[in-house]
Amino acid sequence: MEKMSRVTTALGSSSISGRTMFCHLDAPANAISVCRDATQVVVAGRNIFKIYALEEEQFVEKLNLRVGRKPSLNFSCADVMWHQMEENLLATAATNGAVVTWNLGKPSRNKQEQLFTEHKRTVNKVCFHPTEVYMLLSGSQDGYMKCFDLRKKESVSTFSGQSESVRDVQFSMKDYFTFAASFENGNVQLWDIRRPDRYERMFTAHTGPVFCCDWHPDDRGWLATGGRDKMVKVWDMTTNRAKEIFCVQTIASVARVKWRPERKWHLATCSMMVDHNIYVWDVRRPFIPFATFEEHKDVTTGIVWRHQHDPHFLLSGSKDSTLYQHMFKDASRPVDRANPEGLCFGLFGDLAFAAKESLISGDASRKPYPGGDRRYPIFFFKKPNPTEQFAHVSSALSVFESSVESRHMDWLVKTARLYLLSGKPFAELCDHNAKVAKELNRPQVSTTWTMLRIMFSDPANLSTPGPNHIGKLGTLPLMNSFSMKEMGTGLVAEGRLERSKGESRQDNLHLEPGNSLINSNNDENEETEGSEGQAEYMFGDAELDDDDLYSMEHENHAAEEQEYTLPQEAFPLRHEIMDNPSAPEHLQQDKADSPHASGNEAEVMCLTPIESFSLISISQPLFSPHLPAQFFCPVVREMLIHYAEQGDVQMAVSVLIVLGDRIRKEIDDLTQEHWYTSYIDLLQRLELWNVSNEVIKLSTCSAITCLNQTSTTLHVNCSNCKRPMSNRGWICDRCHQCASVCAVCHHVVKGLFVWCQGCSHGGHLEHVMNWLKSSSHCPAGCGHLCEYT
Amino acid sequence: MDIHDQDATARWEELGSRDPSSREAAMEHISQEVMRRVEGIVPIPAAVPSPPAAACPPASDLNDILARLLMLSKRCPFDDVRERCIWLLRNVQDLGIRIPRPLGNGPSRFIPEKEIQVSKVDPRTQSIFEDAFAALGRLDNISLVMGFHPQYLENFLKTQHYLLQMDGPLSLHYRHYIGIMAAARHQCSYLVNLHVNDFVQVGGDPKWLNGLEGAPKKLQALGELNKILAHRPWLLTKAHIENLLKAEEHSWSLAELIHAVVLLTHYHSLASFTFGCGITPEIHSDGGHTFRPPSLSQYCVCDIANGNGHGNHPEEKLGNHQEVSGEVEVLMERMKQLQECRDEEEASQEEMATRFEREKTESMLVATAEDDECVPSRDVSRHFEDPYGYKDFSRRGEHVPTFRVQDYSWEDHGYSLVNRLYPDVGQLLDDKFQMAYNLTYNTMATHKDVDTSMLRRAIWNYIHCMFGIRYDDYDYGEINQLLDRSFKVYIKTMVCSPEKTTKRMYESFWRQFQHSEKVHVNLLLMEARMQAELLYALRAITRYMT
C-alpha cells in the first residue's frame, strides 16, 4: 500500500495533452469518474454505463458495461467511482439501493464482481478509500453509511445518520481514518472509520440538503460543501469548532463541488437545476467565477478533474447526453467581461464612481466635471498575491458631492411640481410647461414644449396665446435649433460653449443629445416649419418649397380633423370621486336592474362626464388648413424615446400625458407602462405623492391606473343583517332591505354615497352638500358637527 | 341608517381577539344587538310562540346572526365566547324565537362529533386554533379535523395563508378563483363555497362565477392545465406550458404559472381530503344549519344522500367486528416479517420491475366507487365544461413512460425550481411534505411503540404508483402485503375521484384504527397526491426552460 501511494504521486502530468472535445452518449449521464492514469473515463447513468478512452483528438468508446438483454436496475447508477489505486476496480451506486463493484480484469463480458444489497433506499454515493484497496464506503437515502471490505461478502460496519438521508460521503485525503458525510437536513458529520457507534463531530453547514462535499487535496483541514441553498462553503476542520472560512454564493443549488488540483484556492462547481454551466471559483473572490464552461445544454451532473495533479483538464457529463473534456485555456473568463466601473447615487444626490485607476489618471489631466463639484479620489490597494490569478485591477473611487444649491434632483422636483398636465386647453398647458422649463434653465425642454404646441395645436386656438408667447420666450431657442441644421458640427461646439459658461451639468447632458436629435431629424423639421408658416411664424430659413406637402394635406385634413378630440386631461382635478373602472360596471348593471332609479342618482353619476364635455366643446377646433397632427407623430415619438433614454423620463411622461390621444397610439403599451412606472417610482422616492397620484390618474395604461386601486376596496355591510353586501351597495341580498338611506331625503342612495366619518351619517352627495351649506349639524340630528370639504 | 353598522362588523372581528376583556365587550355588544332585534320581532316577550313570524323575511337577518352565534357556540376556540353564545341562544329561544340547530354531526360526516371538539384540545392545538380564528374570523371544518395533528395543521395553515394572502405574483381574486377552479374539478362544493365568498370579498367579479367563459382569457387558458393536472398529470408536456407562456397578451409569466400550479395542486389535493374525511358544510353557511325542529327519525340529509343512516346496519357492524378483530395484529405481524425477512428472500431484479408494473395495473382493477351518488349543493359543474376524469395510468394502449423519481425528485429538483420562481414557497411546501411523511406517534390502533415508517412509505408510494411515479429503491411487493383491498379502494377513490368517497368506504378500511389515524392517512394521501401532481407540472416547466 505504501508503495502504491508513492506510485500515484510519482506520476507526472506531462504525459497529458488534448483539446476541448466532446462525444455524444446514448443517454443522460449521472456521474463520471476517471481512472488513475487519466487515460480513461467511466460514464454512468440510468441507461448508460460505458468506459471511454481519452485520446488526443476524441473520446473512443472502450467498453459497455451494461450487458444482458434486459439490464436490471443494478445498472441504473446514481454514482460511479474508479479506484485510484487499482485500475481495474470500479464501484457504482444503484438507484435501487445496490452497491456493485466491477472488475475490468474479468475475462467474461459481464464484469460485475460483487453486489451488496444492504441499503434499503437509493445509494447516493460510493467512495473508495484513497489509499486502501479493499475499502469502499457508501451513503444512502435510508440514512446509513456502510463500509465494505471487498474481500468479504457484506459490510464490515454501518454508520447511522439517524434516519437522515446521506447525500455524499468522502474519505479524507490525509487522515487515514476520517471521512465526512453530508446530509439532507443540512448537517455534515465527521466519522472515524473505526468507530461506527457515534460520529466524531457534527455541524450544520447549510439550510436544506448538503448535496456534496470535497476534501481539499493538499490542505488536510479544508472541506468544501455545496448545498441546495445555492452556497459553497469552505470549512476549516482543524479547529475545535468547524469554522467557515470562505463562502461562495452561486445562482443555483450546488450539485457537485471539486477542488482544482494544484491550485490551492480553486474549486469547480455545477448545479442540478436551471443552470447548465460549470464554474471554477477562486474562493477568495467569491463574487465572480474565475472561469466558466458553458458547453452543456442541460444540467451538468458530473464533474471531475482529469488528473489529480493537472489543473488544466476538466471532464464533465450532463443530462444532455454529452461527455465533455474542457481545456482550461478555452474557458470563458467572466472577469474579462465584467465591468470594472461602478456608479452609484447616494441619498442626497452624491455620486460615487469607481473606475480603473488608469482611466482616472488619464482623465485627470482634463477638467473632470464642470460645476462646483468636489471630488475625493480614494484608492484601494490590495496586497498583490502572486497565487491569485486574477487580473489586478486597482480602481479609484471618486465621490462627487453635489453642492447644496445645485442639488441634483432640484430641477426634477420643481418641474414635477410646476408642470401642468391637465385642466387647461392643450396649448396653454404647453406654454405653461415651456415657461416652467425656461425658468429652470432648461431651454431644450422649453423649446420642445413650444414645438409641441405648434405641431399639435390648431392655428385658430393658437392665435390667442401664441404670438406673444413665442415672442418673449420661444424665439431664441427656436432660432438656435433650426439655424443649426446646416452646420451640424457647429452644434456640438455650441453645446460645449454653453457648458463652459458654467450652467449646471444636468442641463448640458440634456442639451447635447437633444441637439443631435434635432440634427438627425432635420428633414422632418423642415417640413414642420413649412407647414407652420401658414400660421404666421417665420423662421430664418424656413422658406422651403412645400407645395407638395400642402396639396396633400389639404386633401386629407378634413378626415383628420374629425378624429381630433381632446383627451381626458380636461377633467377637473377636484373630482376625486371619479368612478374607478370596476365601479361603473356595477352601476350600469344596477341601473338596468332597477328602472326606478331616481333622477338624482343619474345626475350625480354623470357629474364628471358632463363637465368634461363642456370643456371639450370650448376647445373644439375651428376649421383651418394646416398639417395634420398625425404627421408629426413619428418625430414626436422619436423625441420621447430619446428623452426617456437620456434619463429624462419626466419629460417623456409629461408629454405623453399632455398630448394624450394624439401620440398614445404611436408608442407601444409596454414602453408607456415602463415610462410611467419609472417616473412614478422617481416621484414617490422624492415623496411627491400628489404629483405621482396625478400622473397615475392621468395615465391611460390600465396597468398604471390600477395602481391607485390597490387596497381601495371598501367593504360595506348591511345595516340590518350585518352581512357583507356583495353585489350592490344599497340593497342587501339576504334581507332584501335597503341599507343605505339618505339622511336628508330618506330615500335609498344608489349612486355616490357620502358619509361623515365622525358620526357615520350621510346620504346623497348633492343633498349633503346642500344641507351643509345651510347647516353645520348632521342632517340626521345626532348633533354631530359634520364637515364637508 | 344604522349607527351600528360599521361597528357590528368590528364586534364580530373582535371576538377573535386574544384579550378576554375585549372579547367580552364585543360579546356584550352583540347580545344587546340581538336582544334589540328580538324585541323588535316579539313585542311581548314570552307571549304565545309564533313560529311563522320568526320564519318570515324581516327576521332573516336575525336568523343570520343566530346562525353565526350557533357557529360560534360550536366552533369558537375561546370557551368564554362559546358559553356566552349558548347562553344567548337559549335566552332567545326562551323568548319564543326559533333558534337554528346544526345539520349533520360535527365537522365531519365520518367522524363522531365527540371526537372533534373545540373545547377538548391540548394547549398547542388551542393556540393554533386561536390564531386561525383571529386571522380568518372562522375556524373551518378542515382545520378542526386536522386538529388531530397540530404539528401538521400549523404547517398547513401557514402555507395556505402564504399562498392566498401574502406576497405573490397573482392578485388575490385570481388566487381564489384558481382555488375555485381546482375544487370544482372534483365537484367539491365545500371548498367552492368557501372560496366563492372569499373571492367576492376581495373584489372579484361575480360574473366570473357563472363559469370559466365569464373569466378572463388568461384564466380560461389555465383550464386545460387544471383538467390534466387533476386527472391525468402524466400527460402534461412542455407544449402545454409553452401554450400558457406564449399566448401574447393573455400569456402567463413563469412566476405566475408556478403560483397557479401550486394553488391548483393544493386545492385538488385538499378536495381529496375534504371528501376523504367527509367534511360537512360550515354551520353558518347554507346547508349547515336548519331552523326546523329535529324530526323524529334521526337521519340527516347528507346521511340519506349516501345511504348511511345511524344504526343503519348494526348487526352487520357487529359481525364485521368479530371478523376483523385481528386486523391490526395481522398488519403488524406482516410489517415485522417484511422487516426481518428482507435479506432472506431476495427478489430478482426482473421480479422487482414486474412488481411495480403489477401494482400499477392492479391499482387499475381496484374499482373506484360503490355508488355514483353525489349531491353538489351549489351548481359547481358550471366551472368546468367537459367531463374528463382520472383515466388509469397505462390503460387504453397509450404508453406513457414511467416517471422515475430518481431523475426528478421534489427534494433535488422541484424545490429549487419553485423556490427560484416563487420565493419561500419551496421551503413551505418542503416542510409540509416532510411533516406529512414523517409524522408518527409510534402507535397503531391500541398498540404503542410501533415503527410505522414502512406503512407510511407503502401508502405514499402506492399513491405515486397510481400516477406512474416509480421509486427504484422500493419493492412494490410490500404494498400488497400491507394494504388490503378495502384500503386500496379507499385510497384510489380518494385520490382519483374523491367525489365518490362514501362513508361506507371510510368505515370499511382499518376498522380498529382510531379516527385520528384515519385522518393521518388522509393527510398522507393528500400530500402524496399534491407532490405527484407538482412533480409532473414542474418537470414539464423544467423541460420547457431547458
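Reply: In helix α19 of chain A, which spans residues 689–698, the buried residues are A:Val691, A:Ser692, A:Glu694, A:Val695, A:Ile696 and A:Leu698; buried means under 20% relative accessible area, exposed over 50%, and partly exposed in between, with a 1.4 Å probe and protein chains only. Helices here are DSSP runs of H or I with at least four residues and strands are runs of E with at least two, numbered from the N terminus. Among the elements that cover these buried residues of α19(A) are α4 (410–418), α16 (649–659), α18 (669–685) and α20 (702–705) of chain A.

This is a predicted model, in which local features need pLDDT of at least 70 and side-chain atom pairs count only at pLDDT 80 or more, while totals for chains, interfaces and linings use all residues, and side-chain values rest on heavy atoms, with hydrogens and water left out. Residues are numbered from 1 along each chain as its sequence is written, and chains are lettered from A and ligands numbered from 1 in the order in which they are written.

Once neighbours within four places in sequence are set aside, B:Ile459 is in contact with B:Leu483, B:Phe487, B:Ile491, B:Trp510, B:Val521, B:Leu524 and B:Leu525, where contact means heavy atoms within 4.5 Å.

Over all chains, a search of the whole structure finds 42 aromatic pairs; rings of Phe, Tyr and Trp (its six-membered ring) pair if their centres lie within 6.5 Å, and planes under 30 degrees apart count as stacked, over 60 as edge-to-face and the rest as tilted. B:Tyr177 and B:Phe199 form a tilted pair, with 5.5 Å centre to centre and 50° between the planes. Because B:Tyr177 lies in helix α9 (residues 172–185) of chain B and B:Phe199 in helix α10 (residues 189–201) of chain B, this pair ties together parts that are 22 residues apart in sequence. Both B:Tyr177 and B:Phe199 are buried. The rings of B:Phe403 and B:Tyr536 have centres 4.9 Å apart and planes at 70°, so that pair is edge-to-face. It links distant parts of the chain, 133 residues apart, with B:Phe403 in strand β3 (residues 403–404) of chain B and B:Tyr536 in helix α24 (residues 515–545) of chain B. B:Phe403 and B:Tyr536 are likewise buried.

Chain B as a whole has 24 helices and six strands, and buried residues make up 55% of its 546 residues. Among its contacts between residues at least 6 apart in sequence, 77% join residues at least 24 apart.

Two charges over rings deserve mention. The charged end of A:Arg228 sits over the ring of B:Tyr415, 3.1 Å from its centre, and that of A:Arg333 sits over the ring of A:Phe290, 4.6 Å from its centre; the criterion is NZ of Lys or CZ of Arg within 6 Å of the ring centre and within 35 degrees of the ring normal.

Returning to chain A, an open sheet of four strands runs in the order β6-β7-β8-β9 with antiparallel pairing, two strands being paired if DSSP finds at least two bridges between them. Its edge strands, β6 (77–82) and β9 (112–116) of chain A, each pair on one side only. Strand β8 (residues 99–103) of chain A pairs with β9(A) in the antiparallel sense over four bridges, and A:Val99 stands opposite A:Phe116 in β9(A).

Strand β16 (residues 187–192) of chain A and β17(A) also form an antiparallel pair over four bridges, with A:Asn187 opposite A:Thr204.
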